[in-house]
Each structure stands twice: as structure tokens, then as C-alpha cells.
Amino acid sequence: MFISFAALLMQVPVDTGASASTWLWSAIGIAALALVVAVFFSINVLSADTGTEDMRKISDAIREGAEAFMRRQYKSIGILAVVVAAALFFGYYASERNRALAFVTVISFVIGAVCSGIAGFTGMYVSIRANIRTASAARTSLNKALTIALRGGAVTGLVVIGLSLLGIGLLFVGFGGLNPEHTIEVPYKIVGFAFGASLVALFAQLGGGIYTKAADVGADLVGKVEAGIPEDDPRNPAVIADLVGDNVGDCAGRGADIFESCSAENVGAIILGTSLYPIFGLKGIIFPLVVNAFGVIASIIGVLVVKAKEKEDPMSALNRGYYVATILAIGGFWAAVHYLLQGRNWLLAAGLVGIVTSFLFVWITQYYTESRFRPVQEIAKASVTGPATNIISGIAVGFETPAIPVLVIGAALLTSYYCGIRGLVDAGISTYAKGIYGTAIATLGMLATAVYILAMDTFGPITDNAGGIIEMSNQPEAVRDITDRLDAVGNTTKALTKGYAVGSAALAAFLLFSAYLDEIRHIVEHIKGVVVPAGWSFNNINLASVPVFVGALLGAMLVYLFSAFAIRAVGRAAQSVIEEVRRQFKANPGIMEGTSKPDYGSCVDIVTKSALRQMVAPGVLAVGLPIAVGLLFRYLSTQFVVGDTTSVPVYADGSPVNLIGAQAVAGLLMVGTIAGVLLAMFLNNAGGAWDNAKKYIETGQYGGKRSDAHKAAVVGDTVGDPFKDTAGPSLHVLIKLLATITLVLAPLFI
């Protein structure tokens, strides 16, 4: 490998001077700036008025419930992370070939896990305090309430992306990445950071998703359907648990999810950048960090320009900020390509493909989940004839939804691959490596406005909570109208960002799959005594190979079994909530009469315990299966090694290097990713369409609230709740976890 690099170095001038390190330190500095701006936004939000005494009592209950759950959840996640870190260390240390990587891999893993935890907790800390301030501001001004909610959400985005850039950048420097002798090796040492981020994100999203939907389903079925009381009615014993769930699921869970996305995609792109070291030097490796840093600045400006007129649709104001952030991010992308990638405009075009893809995913999700369009109206109409036809129609819409996104993903990959080939036409590397780098740049394009996207996502639960606080504290109808407008926009932004998340997960998964193949090649080429045939690569995985096919089957199975565990967990927890709400209504008739208060704390406690208990099984399954497949096929399937040793790496004695474990894991990763992306689209969009079909009927269509059609739509909505807020978002994380865990453990599969 080093001989081939030396030959290329003689042909192509490499710029590894001070300018490259300056760009890296600038990216790290912007990451620190993101955290400073997050503090500024936090102070700005927390200095706002907190409303009336009644409003504060409700907000305090939400805050105490959310913080109690998060403390218990992160304690459980911390214990699991310590166990995984210990297993990781001993797994590496047991192999003499990998022993030197044991310490640095575990350090990277721990830092990634800690940063992911901080990112999730910090974002939720502000959101559960921004809700009452948004509610209070809504009493005087829509624009003020909008600004507080968006800046509260921006804190999550800035902390998430800032910590990701800061962690990866400092690890790269700390492990010697600025030393030309070690630059190429360092990216493989920081893959643990992405795995740590993925592990915490999986359990945070799972636990939060189970919590929020168990409380929501329990509150809706007994409150709306059985008791006939409105949403967020203070007489509902599960209403506080429902409002708490918005924060632990949609704020903390999504924050950890996007942190994992950013971290995994940056690490994967950095690894692929090592193959271009002879062309771009250090600049090609740090390019992902610089692009993300420009995106941070663009998003900050986008947030600052958002203002709305009192009678204006709040979504229009948010869209203006998004357009500003996107245009500035494109400018930043151009600057990064110009100064770091020698101004190769075909590579800029690959980045633009990613940005356009993110727009398309937002629009596609909007079509399938907004009440203005055919799919949602079709489900609403089906509700007239009962819950069964509502559910049939919703499932049909869900199965329809992956079609257009798959075409978009395919077009994005093919186009960016072509752009990569054209942009690197004079580079002395394989055509495959050129094309794959193009797809990596497209993935970075999707992440260019991640801070603003996450701000819009967290805007949703903040405004949802604000509406609940206004409803429960019996504020005037005019105030409720403002929070209803903000809440409607928040529901839209949450749905749109789920589409963005699954789209970025799809491109990221392909990027990480390519990085895994590249890492296997890198490992094999550095095994002492191994003879590697000229032109050999680990880029072709043969599905006709029995171990690979079995691994692929297991990958698809994992996606469905994981989803079953997640949805069942919501059902079990919701059953406990339903029984408790019914018990309180029966034991205390004064609750419905409004003469006595329900026991909110009992429902909060039930959901907390159930969510923490139920998140373990699917999480362990997701972590354990790829490891089991890699190790079992590595040690038990030597008979499947290809007999022709002329085209595979061999040891000095002529025996082939056993790559069966690595190939089986590649099959698992490849097909698991495909199945996960398609199922996530089905779950997200079906759930979102069911939800908005219910809201469409609540506007007065088909009899409006309390009609038979509305009751049928509520049933459909409760079926869709664990789809769109538990299993679907958790699959985003699972897809990337499979890739990061295989990246980290790749040395053990050979």
C-alpha cells in the first residue's frame, strides 16, 4: 500500500502544509463557536417571561418528569456503555495483531458516547424550559413565541453538531493526524467515536420513543375515545406523561440520532478521504469537517433571520430561514471545494446533489403526510366506514411511500458517483474510489443544514408542550389559537425532518458500507506476511456465496424483529397506562367533574419504568447480531474460503486469508440497510399520514370531533404512533449502528 502511495506521490503534488492544519483548526474553532452561540440562545430563551402560576405548575411537572426519566435512562445507558467498552477493549487486546488499537479505540468510543449523551440531554434541558416561555409569549405575540421556540430548538442543533465536530477534530489532532507519517492511519483509530455515538443514540431513541408513544396511546384511547375529552385536557391522568414524552422522544432522542448521523458520516467520509491523500493531502481528509463548519455558520444566520408577521403562516417564516441557510451552505460548500479540493467543480456538483436530495425528501414527506394532499385525505375518507378501513387505507399509503424516495436515492447515488468520476478524472486511483468519494460528498451535502433542520424538529415538541400548557391552564381562546397555529407547524416540521433523517440515513449507510469495505482492504494490506495480488480490492461482495447470503437474510430479519420488539414495547407500556387511567376515572369520579385533580405522577412512573425495561431487548439484539455473525463465520466457516488463491490475499505458506466473516457481515450490512431504509419509510409516513388524517377530520371534515369518523381516525392514529415515533426513528439509528459497529469490529472479523 505504501509503495503505491509513494508512486502516486511522485506523480501528483501534495499540499500538506500549514494551510491544511489551519483549515482544521478553523473547523474546530467554529465548532466551539457553535457551543458559544448555543449558550447565547439559551440565555436569550431562559430570560423570557414564564407566565402565570398555573402555567408554571404544569411546566414544572413536565420538567421534573422529563429530567427524572433522563437521569434514569442515561444511568442505564451508561452501564451498558461501560460493558460494551470493556468487551471492546478485551476483544481487541486478545488479538496480538490488533492489540495496539485497543486503547485508542476504547478512548474514541467513550468520548463519542459521552458527547452523544451530552448532546441529547442538553437539548432537552433547554426545550423543557422553552415550552412555558413559548406559551407565555403566545399571550402577546406570535412572532415572539415563534422566535423563542425556534431558538430553543436551535440550541439542540448547535450542541449536537458542535460536539460532533469538536470531538472528531480533537481526536484527529490528538491521535497524531497532523503528523504526515500518521495522517493516513488516524482515521481508522477514530471509528470508535461513531460507534459510541450510535450506541447511545439507539438506546436514547428507543427509550424515548417507547415512553412518548406509550403515554400518547394511553392518553388518546381512554381520554378521546372512551371519555370523549379533548387532547391535553387536565382531567386526563396521562396528559403530563404525554407532554413529558414529547421531550424525551422528540428532543433528546432526535438530538442523539442526528449527532450519530453527523458523526458517522464524517468518520466515513474521512476514511474514504485517505484514498485521495496523494491528490489532496490532509485537505481531502479534513474536508468533511470544514463543510460541516460552514453549515453551522449558515444555519446560525438562518435561525437569526426568522421573523413572522402576526397574521402570517409561521411555516412561511421557517421556510425563509431554511432557504437562507441553504443558500449560505451552498456558498460554504463552494469555498470548501475551491480551497481544499483544488476547485474541482464536479465535486461541488456532487455536494449540490445531496442538497437537492434533502429538499426532495422534505417535499415527498410533505406530500404523503400533509392534509392538503391525496394520501391523507384518502385515509380520512376511509375513516367514515370505521377503524378497519382507516387502517387498511393507512397501510396501503405506507406501502406506497417508499417508491418515489427510492428513485430519488438511486438517482442521487448514480449522479454523485458520476460527478466523483468526472471530478477526479486525472487522479491515479480506481474508478470505483473516485465514484464513491462523489457519493460521500453528496452525503455531506445533505448534512449541510443539519443545525437548522434539527432546530425545526425540536421546534415541534416545544410548541406542542406550549399548547398543552395553555390548554391545561385555561388561557383565553385567542392565545390557544396562536399555540394551535404553532403546534400545527410543529407537527409538519417533525414529519418533514423524519423524511430528511431517513434520506440522510440511506446515503450515510451507503457511505459507511463503502468505508467498511475500504477498512477491510486496509487491514488485509497491513497484515504481516500477507501477499496481496495486484489490483485486489474488497469491493465485490458475492451474494451467491452461502455465508454472504445467510448474512444478508439475517440482516433483513434483524430489521423486522427489531421493529417488532419496539412496537410491542409500546403496546405493553400503553396497556399499563390505559389500565391506570381507567382505574383513576372509576375510583375518583370527581376527576371528570373537574372537582378533583388526577394523579399525574403514577402514569409518569409507570411509563418511565416500562420504557427503561423494554428498551434493553431490541438494543441488545441490534448490537449482538452483527458481532455474532462476524465471529461465527470467521471461526466456524473456513470451508467456505475460495479455493482459487491466485486472486485473493494469501499468507506466506500459500493459505488464503479467511475473509468469510467479513464477507458475511458485509451481506448483513448491505441487505439490512436496504430493508431498514424501506421499512423506516413505511413506518414514518404511514404513521404521519394517520396522524394528520385525524387532524384533518378535527377541522370539521366528515363530522369533525367526536364523530364516528373521528373515533376511527383516533384508532388509526394510535396504531401509527409507535410506527412514526418509536420503530421508524429507531430504524434510522439501527441502520447507522450496523455500519459503525462493523467498522469498529472489522479487525476481529479477519
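Asparagine 474 sits in the loop between helix H17, residues 450-472, and H18. Before going on, note that this is a predicted model. The phi of asparagine 474 is near 55°, a positive value in a residue that is not glycine. Is asparagine 474 buried or exposed? Its relative accessibility is 66%, so asparagine 474 counts as exposed.

There is a second case of this kind. Tyrosine 702, also not a glycine, has a positive phi of about 55°. Tyrosine 702 lies in the loop that runs between helix H23, 660-698, and helix H24, 708-745.

Now to H18. This helix spans residues 477-525 and contains glutamate 519. Glutamate 519 is buried, yet it has no salt bridge. Which side chain of opposite charge is nearest to glutamate 519? That is arginine 521, and it is 10 Å away. Leaving aside residues up to four places away in sequence, glutamate 519 touches Tyr188, Leu743, Ala746 and Pro747.

Last, the helix pair. Helix H21 covers residues 600-614 and helix H22 covers residues 616-636. Their axes come within 5 Å and cross at roughly 20°. Angles under 35 degrees count as roughly parallel, so H21 and H22 are roughly parallel to each other. On the H21 side, the contact involves Leu612, Arg613 and Gln614; these meet Val616, Ala617 and Pro618 in H22. By type, the residues of this contact divide into 4 nonpolar, 1 polar and 1 charged.

Key. Residues numbered from 1 in each chain as written. Predicted model: local features only at pLDDT ≥ 70, side-chain atom pairs only at ≥ 80, totals over all residues. Heavy atoms only, no water. Axes fitted to C-alpha atoms, helices over the stretch in contact; angles between N-to-C directions. Helix = DSSP H or I, 4+ residues; strand = E, 2+ residues; numbered from the N terminus. Parallel < 35°, antiparallel > 145°, perpendicular 65-115°, else oblique. Contact = heavy atoms within 4.5 Å. Nonpolar A, V, L, I, M, F, W, Y, C, P; charged D, E, K, R; others polar. Buried < 20%, exposed > 50% of the residue type's maximum accessible area, 1.4 Å probe, protein only. Lys, Arg positive; Asp, Glu negative; His and termini not counted. Salt bridge = Lys/Arg side-chain N within 4 Å of Asp/Glu carboxyl O.
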